[in-house]
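Thanks for making the time this morning.

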Amino acid sequence: MSKFLNKLGKDFELYIGSLFLLATTVIVIMNVFTRYFMDFTFHWSEEIAVSAFVWTIFLGFANAYKCNELIGVEVLTKLLPKKGKNIVEFLTSLVTTTLSGVMFYFSYIYVSGSTKITAALEVSYKYIYISMVIAFALITLYSIYYSIKSFKKIFIIEDAVGEEGDSKC
Amino acid sequence: MLAITPIIILFVLFFLNIPIAFALMGAALFYFTFINSTMPMQMVIQQFVTAVESFPYLAVPFFIMLGSVMNYSGISEALMNFANVLVGHMRGGLAQVNVLLSALMGGISGSANADAAMQSKILVPEMEKKGFSKPFSAAVTAASSAVSPVIPPGTNLILYAIIAGVTVGDMFLAAYTPGILMTISMAITVAIISKKRNYKPSRDKMASIGEIIVEFIKSIWALLIPFGIILGMRMGMFTPTEAGGIAVLFSLIVGFFVYRKLKLEHIPIILMDTVKGTGAVLAIIASAKVFGYYLTLERIPQMITEALMNMTSSPFVLLMVINIMLLIIGMFIEGGAALVVLAPLLVPAVKALGVDPVHFGMVFIVNIMIGGLTPPFGSMMFTVCSIIGVTLEDFVKEVWPFIVALLVVLLLVTYSESVALFSLNLFR
């Protein structure tokens, strides 16, 4: 675990995401009970549950990228020798940086231009969709970091590098 | 030709080991930047984010959470003891317990990898003590874990239902039949191999009725969860999403107060596991939506339907072609991802030939689980081999009879609608 990531807080996305997930869970369960036992539902319940869910998704997405736990097809990396593996890892990180950067840019424009308000509570959708912008910003940062790290690894003499597992967290 | 460039790019990105979510995004971004730039990017982003802003998808984190709760709540152990009194006296006892336990656990959560990992850790060491070889134990564990996602509830069943536009309830009810058939086929395989190699039972004699009742009562709370989910949804008491929420609440109560294994400090771990898992799954769904938007604009699903219809007018041949294709794709791509990307393409085609979409769902769900067991890139294969410490080579030597058994079930489900939809028709 590097100092850079430690500084950012290893699992801070998961801490915040857990709070959102907890909120979603409590609201959905509460909804069933109020409907059955008190014969009413809060008109905002579904909206809040789904909004918190969106936050959960994007925070989890950023963390899953950071920890190398996104599902991928590991054909090439499993077949290549170590040197080649590092080169592929560098390329992969670079492509991800580009994609994530582009997504960050357009989602930022989308969110800042959004005038939609939610149906029940009449709040701006910006408060929900900003989670997507944050996720892509984080992933762009992480992938730049991984690009640099894997680029360095290409040139380091084989036995100087400690064996690192696939998981980065 | 230009229209299919994004598909080629998708495969190149897959091959480069770009995470599936980003590969889908990359292919779609390429299309909307270079091929069809009339569409404003805002539309693309909107497709992406609104895809996951959906109440039905909220069922996904709940069922992921349920699997995590199970590991900490003592539910797994209760089910294991119950499985042992039921089948432990048979030849190859613990291997049979392994198969039955996967089915029972599948009735609560339904992640093949979680099931494979859990059993590799707690059941396989016991199996080794009883004289089972490591590769065989690994093979049974991986193969039987293919049952967990098929037996409802399960995330793949929910995803397919949303994609194909059928009800989650129908998918859940129907999936019992293939799930149970898979369990039986693997129990038979274990029995045959155990007889040949003379694997010992895990108990000296059959459990008495009294013992069975004792273990049944101990695990009744866990066994109630699937019934509660199905019954509640059937009676219209709650939606699939709410069913997931209630099941989480119920299993927490069971874990805290009945088995008393669950501690408050487990809650943050469970939540954090779920956040990460949810992010990984739903990122693929969101990206697949954007990729699907490209496919729709270029009328690719219609082209595929037409091409398949020109090739054959027989559902029999069509399903065979699709099965073979899915089996090959399943060797490389994780099942859930294959489902999200391919089901929107294939469901219209099979519907056009008169195949019931729920029936096709059963075929799809069973098929993609088999890929998890096959080299070069089966996810359950990797899970068990790395935990137990078996080489892929040894694993493959032991797992093939199980793959054959599962293929038999796949054929049965594919070519007999009355078998595939047996449990659904029973209740419909």
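Predicted model: local features only at pLDDT ≥ 70, side-chain atom pairs only at ≥ 80, totals over all residues.

Helix H2 of chain A and helix H13 (residues 240-258) of chain B pack at an angle of about 100°, with their axes 8 Å apart, where the axes are lines fitted to C-alpha atoms over the stretch in contact and angles run from 0 to 180 degrees between N-to-C directions. H2(A) and H13(B) are therefore roughly perpendicular to each other, a label that covers angles of 65 to 115 degrees. On the H2(A) side the contact (heavy atoms within 4.5 Å) is made by Val28(A), Ile29(A), Asn31(A), Val32(A), Phe33(A) and Arg35(A), and H13(B) brings Thr241(B), Glu242(B), Gly245(B), Ile246(B) and Leu249(B). By class, that makes six nonpolar, three polar and two charged residues, with Gly counted as polar and Asp, Glu, Lys and Arg as charged.

Residues are numbered from 1 along each chain as its sequence is written, chains are lettered from A in the order in which they are written, and side-chain values use heavy atoms, with hydrogens and water left out.

What does H2(A) do with helix H14 (residues 266-297) of chain B? Those two pack at an angle of about 95°, again with axes 8 Å apart, and H2(A) and H14(B) are therefore roughly perpendicular as well. Here H2(A) uses residues including Leu14(A), Tyr15(A) and Leu21(A), which lie in a contact with H14(B) residues, among them Leu271(B), Met272(B) and Lys276(B). Lys276(B) also forms a salt bridge with Glu69(A), the closest N and O atoms being 3.5 Å apart; the term means a side-chain nitrogen of Lys or Arg within 4 Å of a carboxyl oxygen of Asp or Glu. Between chain A and chain B the count is two salt bridges.

Stepping back to the whole contact, it takes 59 residues from chain A and 54 residues from chain B. Together the chains bury about 5,200 Å², 82% of it on carbon and sulfur atoms, buried area being the accessible area (1.4 Å probe) lost on putting two parts together, summed over both. Phe53(A), Ile71(A) and Val73(A) supply 14% of the area that chain A buries against chain B, more than any other three residues.

Terms used: Helix = DSSP H or I, 4+ residues; strand = E, 2+ residues; numbered from the N terminus. Parallel < 35°, antiparallel > 145°, perpendicular 65-115°, else oblique.
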